[in-house]
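Welcome! Take a look at the sequence and the structure below, and then we will walk through one part together.

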Amino acid sequence: MPLARSLSVTSLSGLEEWDEEFDLEDAVLFEIAWEVANKVGGIYTVIQTKARLTSEEWGENYFLVGPYVESNVRTQVELIEPTNPVLKRTIDKMNASGCKVYFGRWLIEGSPYVILIDVAFTAWSLDTWKSELWDLCDIGVPWFDREANDAVLFGFLTVWLLGEVCTQCDEPPHIVAHFHEWLAGLGLVLCRQRQLPVATVFTTHATLLGRYLCAGNVDFYNKLADFNVEKEAGDRQIYHRYCLERAAAHCAHVFTTVSQITAIEAEHLLKRKPDIVTPNGLNVKKFSAVHEFQNLHAQSKNRIQEFVRGHFYGHMDFNLDKCLFLFIAGRYEFSNKGADIFLEALARLNYLLRVNHSDVTVIAFFIMPARTNNFNVETLKGQAVRKQLWDTAQTVKERFGKKLYESLLVGQLPDVSKMLDKEDFTIMKRAIFATQRQCQPPVCTHNMLEDSSDPILNCVRRIGLFNSSSDRVKIIFHPEFLSSTSPLLPMDYEEFVRGCHLGVFPSYYEPWGYTPAECTVMGIPSISTNLSGFGCFMEEHIADPSAYGIYILDRRFRGVDESCNQLTSFLFQFCKQSRRQRIIQRNRTERLSDLLDWRYLGRYYISARHMALAKAFPDTFMYELQEPTSASGFRYPRPASVPPSPALSRHSSPHHSEAEDNDDERYDEDLEAEKDRVNIRQPYTLPFKNKSSAVHGKKKAHGK
């Protein structure tokens with residue numbers, strides 16, 4: 001089936017109404033992934049956030065299948081006895097045959113059932129199963145690739161589970177098995193090879209070869225059609241992994257991927273067009289008070305400011321109220337995630353701010369986990385000095401307050417010049433002396449194990465941004481996941497994002513992009529690219545993305561230097577915005593969160609499963625694909641009020657008064673929000689009919 005862009009993107013609110021009831025009472029869904037209750041990357045977020053919606057659709061007939069990892073099970077899973085008699089017999093038989101299979105509830109929203117398989121316990125079967133894989137599929141897995149070995153064990157155990165479920169049923173139910181990524185894909189291949197009565201769906205969230213090629217600094221998107229994929233995979237020693245991924249894509253009844261840009265990639269590298277594009281969503285929580293997220297931004301920003309006060313002690317020659325916090329976060333892939341172009345743009349931004357005599361200071365955080373051995377001593381000392389200064393100020397304040405109180409008691413106005421005695425000045429001088437430092441504030445908060453070869457630190461040395469007093473751009477590299485228990489920056493990731501002003505994600509390879517999506521639902525503007533799934537998705541739905549705080553960087557049709565200049569321009573224009581303009585933009589950004597809600601984006605996964613059922617069981621199920629008309633989609637219009645971009649509004653520079661900030665009659669927040677709300681309509685499922693004689697009415701498709 002040809003890939004239709006309208007089905008995957010512009011049809012978000014334009015799907016045809018369908019009020020027929022359909023019956024899924026005799027259907028069971030198994031969703032299989034290596035990241036079920038096992039956080040490794042972004043797939044964990046996809047499955048965890050989507051679980052509530054899927055549980056509502058399938059009820060007791062929804063089961064997640066993943067690996068058993070004891071440390072994760074202790075904190076994330078409640079182990080229980082299976083309530084389904086067929087599943088209980090299946091697990092008991094597998095356990096009696098030399099496996100270890102656990103059943104429980106995943107302690108997340110929706111509380112879905114999970115089946116966890118201990119792959120290490122059956123490692124004794126690895127050689128046998130590898131030989132079988134070679135005989136069946138001509139795929140050989142080398143002994144030294146531990147991840148691929150786990151994929152073999154997990155795949156054979158998964159198909160064993162599904163096969164037992166079919167065997168234990170008197171009348172096998174209509175089973176849908178949804179496999180995520182190559183690590184789970186072998187189970188799908190074996191399902192088809194053994195001809196199990198199972199409808200299969202395979203979702204690739206990023207192709208293996210695509211990630212490797214982009215990391216190698218090749219002109220990936222312009223040469224997609226020219227790659228010798230077998231040779232490229234062999235040169236990178238991932239040919240066996242590539243074969244597993246490609247086999248799963250071709251064996252699946254329905255093949256999906258997460259974005260249009262990845263669909264193009266999959267067509268060339270995996271040699272199959274995806275049937276449906278399934279964008280990733282989030283569980284969006286709306287506040288009862290419209291501007292509550294602005295208050296959360298202010299609270300989290302204050303906590304970041306406290307860290308900055310300590311980190312830059314002795315060099316606090318900039319105004320924190322005119323300080324903007326930018327950040328990039330994610331897997332440490334220097335070029336794939338765009339850290340290289342971000343650093344170069346920061347160097348150019350630093351020059352522009354200096355020559356324009358701007359009083360704005362930019363602090364750019366790099367939150368990318370790397371190999372370290374501990375916190376940097378100078379960084380820890382900074383937080384200790386900050387706390388000491390605070391304690392000193394509190395001591396002097398108490399002494400001052402006591403003297404003021406005694407003066408008022410006797411009915412005299414205090415002589416302020418005599419309120420602070422010699423001891424008070426001595427205490428304060430000691431505190432000031434303690435803030436003196438001979439070195440610059442550190443760029444990295446930790447001691448790096450490979451300092452001399454670290455890409456970010458080497459780039460910082462090249463561009464010369466060492467947090468000196470003359471620099472208007474400061475850099476803080478935090479090579480560790482954020483945690484509320486950290487002695488350095490005690491904030492979790494969500495709090496940190498809420499406290500920043502702008503997320504910068506100029507990725508070259510980003511199949512979807514959860515980091516800018518998370519920024520959006522929290523009302524924080526972000527910079528993405530037209531090579532990321534998120535960026536392409538937003539370009540489809542927003543007439544003027546930058547007015548809504550979604551800046552789309554062109555990395556597909558421009559050279560690196562041109563893209564870097566464009567990113568520098570975005571950053572410089574953002575620095576020119578007034579405080580009021582940033583507030584307006586955050587309000588607009590937060591309103592886009594409905595676009596990313598699973599209540600809307602989940603319909604594409606529903607469609608994929610229904611299509612798989614219709615292909616696997618054509619005598620029972622019928623799927624009618626209706627192409628939406630060109631007018632059935634929607635786009636957020638350009639805001640009617642003054643755009644918050646300095647180039648387009650009457651505030652052309654940040655040097656204006658507070659009175660001028662509040663005098664913007666052309667902006668009506670409530671009116672603009674109401675206009676935006678009409679673009680989001682109530683979700684409803686795609687057409688899906690059961691051709692059996694009876695319709696039990698267990699589930700109903702949602703209409704408008």
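## A leucine and the sheet beside its helix

Leu567 counts as buried because its relative accessibility is 0%, and buried means under 20%. Please keep in mind that this is a predicted model.

Where along the chain does Leu567 sit? Leu567 is found in helix H21, which covers residues 560-576. Leaving aside residues up to four places away in sequence, Leu567 touches Ile341, Phe342, Ala345, Val504, Pro506, Ile527 and Leu553. One of these contacts, Leu553, is 14 residues from Leu567 in sequence, and their C-alpha atoms are 6.6 Å apart in space.

Now for the sheet. Six strands form an open sheet with parallel pairing, in the order S15-S12-S11-S16-S17-S18. Its edge strands are S15 and S18, each of which pairs on one side only. From one strand to the next, the twist averages 25 degrees.

Which strands does H21 lie across? The helix lies across S11, S12, S16, S17 and S18, and it runs at about 160 degrees to S18. Here is where these strands are found:

| Strand | Residues |
|---|---|
| S11 | residues 323-329 |
| S12 | residues 361-367 |
| S16 | residues 502-504 |
| S17 | residues 526-529 |
| S18 | residues 550-553 |

At the S15 edge, residues 473-478 make up the strand. S12 and S15 pair in the parallel sense over six bridges. Within this pairing, Ile363 has Lys474 in S15 as its bridge partner. In general, strands of a sheet pair through backbone hydrogen bonds, either parallel or antiparallel.

Key
Residues are numbered from 1 along each chain as its sequence is written. This is a predicted model: local features need pLDDT of at least 70, side-chain atom pairs count only at pLDDT 80 or more; totals for chains, interfaces and linings use all residues. Side-chain values use heavy atoms; hydrogens and water are left out. Helices (H or I, at least four residues) and strands (E, at least two) are DSSP runs, numbered from the N terminus. Buried means under 20% relative accessible area, exposed over 50%, partly exposed in between (1.4 Å probe, protein chains only). Contact means heavy atoms within 4.5 Å. Two strands pair if DSSP finds at least two bridges between them. Axes are lines fitted to C-alpha atoms, for helices over the stretch in contact, and angles run from 0 to 180 degrees between N-to-C directions.
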